[in-house]
Protein chains: 2
Amino acid sequence: MDRVPILKLGDILIISIQIDLDDQSVLALQEDLADAVVTTGARGVIIDITAVEIVDSFIGRMLSTIAAMSRMLDAQTVVVGMRPAVAITLVELGLSLGGVQTALNLEKGIARLDHVRGATP
Amino acid sequence: MDRVPILKLGDILIISIQIDLDDQSVLALQEDLADAVVTTGARGVIIDITAVEIVDSFIGRMLSTIAAMSRMLDAQTVVVGMRPAVAITLVELGLSLGGVQTALNLEKGIARLDHVRGATP
């Protein structure tokens with residue numbers, strides 16, 4: 001169970017990060033996700049980090065990379081479910097999650113994607 | 001990261017099983033889920049097992065228990081994303097997943113829940 005499953009819902013892909021990611025699994029996730037965006041023609045990617053208790057620069061960089069990669073493939077990325085403590089840590093570490101949009105939860109993330117697409121048809 | 005996050009989408013709760021579950025985490029998941037069904041008033045629960053490579057009687061029983069528990073709370077359970085090898089193993093083990101509905105993927109699971117609710121309003 002070392003690959004993160006990618007769920008598809010309409011033209012949105014949903015990933016829920018639950019395992020401690022190492023270099024290998026991050027690379028595997030990025031490849032799987034890029035493949036999934038291309039094969040499904042997804043317009044949005046939602047990454048749920050509800051289960052993530054500690055965000056370090058490694059995870060922060062992964063989120064930024066996924067967002068940049070998805071943007072190349074014409075998909076928006078929204079990170080949802082961030083814990084308050086994680087937000088505090090990110091700011092204290094000076095990690096800004098450049099290029100990554102956030103929303104409080106899955107529903108608001110989907111609403112944000114719909115809004116973005118509505119604004120730039 | 002030993003608790004399985006529960007995502008909410010409308011009146012459906014989505015769980016993606018990615019970690020190896022032991023007795024403790026299964027109990028925690030069942031409690032969290034029962035709480036979530038009650039607090040959100042969810043009518044459906046979707047359990048994604050895409051990442052699950054091996055299903056034994058322990059996991060099978062967990063799925064049946066969650067389905068029975070959700071039914072008590074007036075929510076339908078659909079298991080989605082079962083791998084072909086897992087289906088074969090389940091049949092060979094004689095595990096029938098009593099009371100558990102299945103669907104191929106998340107989208108079909110949601111469609112099935114809509115159908116069930118449409119049939120019995």
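Trainee: Let me start with D74(B). Is D74(B) buried, exposed or partly exposed?
Mentor: D74(B) is partly exposed, because its relative accessible area is 48%. Keep in mind that this is a predicted model.

Trainee: OK, and where is D74(B) found?
Mentor: Look at the loop between α2 and β4 of chain B, that's where D74(B) sits.

Trainee: What about the phi of D74(B)?
Mentor: Phi is positive there, about 70°, although D74(B) is not a glycine. D74(A) is in the loop between α2 and β4 of chain A.

Trainee: New topic, the sheet in chain B. What's the strand order?
Mentor: The order is β1-β2-β3-β4-β5 in chain B, an open sheet of five strands with mixed pairing. At the edges stand β1 (6-9) and β5 (101-103) of chain B, each with a single partner strand, so one side of each has no neighbour in the sheet. From one strand to the next, the twist averages 25°.

Trainee: In which sense do β2 and β3 of chain B pair?
Mentor: Parallel. Strand β2 (residues 12-16) and strand β3 (residues 44-48) of chain B pair that way over five bridges. I12(B) has G44(B) in β3(B) as its bridge partner, and S16(B) stands opposite D48(B) in β3(B).

Trainee: Which helices pack on that sheet?
Mentor: One is helix α1 (residues 23-40) of chain B, which touches β1, β2 and β3 of chain B, and its direction makes about 160° with that of β2(B). Another is helix α2 (residues 57-72) of chain B, touching β3 and β4 (76-80) of chain B, with its direction at about 150° to that of β4(B).

Trainee: Back to β3(B): how many of its residues are buried?
Mentor: Five of its five residues are buried. Both faces are covered, with G44(B), I46(B) and D48(B) on one side and V45(B) and I47(B) on the other.

Trainee: Got it. Now the nonpolar cores. Which residues touch the most other members in the largest one?
Mentor: That core has 56 residues, and the ones touching the most other members are I17(A), I47(A), M62(A), I17(B), I47(B) and M62(B).

Trainee: What does I17(B) touch?
Mentor: Not counting residues up to four places away in sequence, I17(B) touches L29(B), I47(B), D48(B), I49(B), A51(B), V52(B) and M62(B). There's also a second, separate core of 22 residues, which includes V80(A), I12(B), I46(B) and V78(B).

Trainee: Over to chain A. What does its sheet look like?
Mentor: Chain A has an open sheet of five strands in the order β1-β2-β3-β4-β5, and the pairing is mixed. β1 (6-9) and β5 (101-103) of chain A are at the edges with a single partner strand each, so one side of each is left without a neighbour in the sheet.

Trainee: How do β1(A) and β2(A) pair?
Mentor: They pair in the antiparallel sense over four bridges, with β2 covering residues 12-16 of chain A. L7(A), for instance, has I14(A) in β2(A) as its bridge partner.

Trainee: I clicked on Q30(A). Where is the place of Q30(A), and is it buried or exposed?
Mentor: Q30(A) is in helix α1 (residues 23-40) of chain A. Q30(A) is buried, because its relative accessible area of 12% is under the 20% cut-off. Leaving aside neighbours within four places in sequence, Q30(A) is in contact with M62(A), T65(A), I66(A) and M69(A).

Trainee: What does UniProt list for chain A?
Mentor: An unreviewed UniProt entry lists residues 2-113 of chain A as "domain: STAS". That span is 46% helix and 20% strand, and its end C-alpha atoms lie 28 Å apart.

Trainee: Last one: what rotation superposes chain A on chain B?
Mentor: A rotation of 180° does it, with 0.0 Å of shift along its axis and an RMSD of 0.0 Å. The two copies are therefore related as by a two-fold rotation axis. The same surface serves both copies, as 100% of the contact residues of chain A recur in chain B.

Definitions and conventions: Residues numbered from 1 in each chain as written. Chains lettered and ligands numbered in written order. Predicted model: local features only at pLDDT ≥ 70, side-chain atom pairs only at ≥ 80, totals over all residues. Heavy atoms only, no water. Pairing = 2+ DSSP bridges. Helix = DSSP H or I, 4+ residues; strand = E, 2+ residues; numbered from the N terminus. Axes fitted to C-alpha atoms, helices over the stretch in contact; angles between N-to-C directions. Contact = heavy atoms within 4.5 Å. Core = buried A, V, L, I, M, F, W, Y, C linked by side-chain atoms within 4.5 Å. Buried < 20%, exposed > 50% of the residue type's maximum accessible area, 1.4 Å probe, protein only. UniProt positions renumbered as here; feature names shortened; annotations may be inferred. Least-squares fit on C-alpha atoms with pLDDT ≥ 70 in both.
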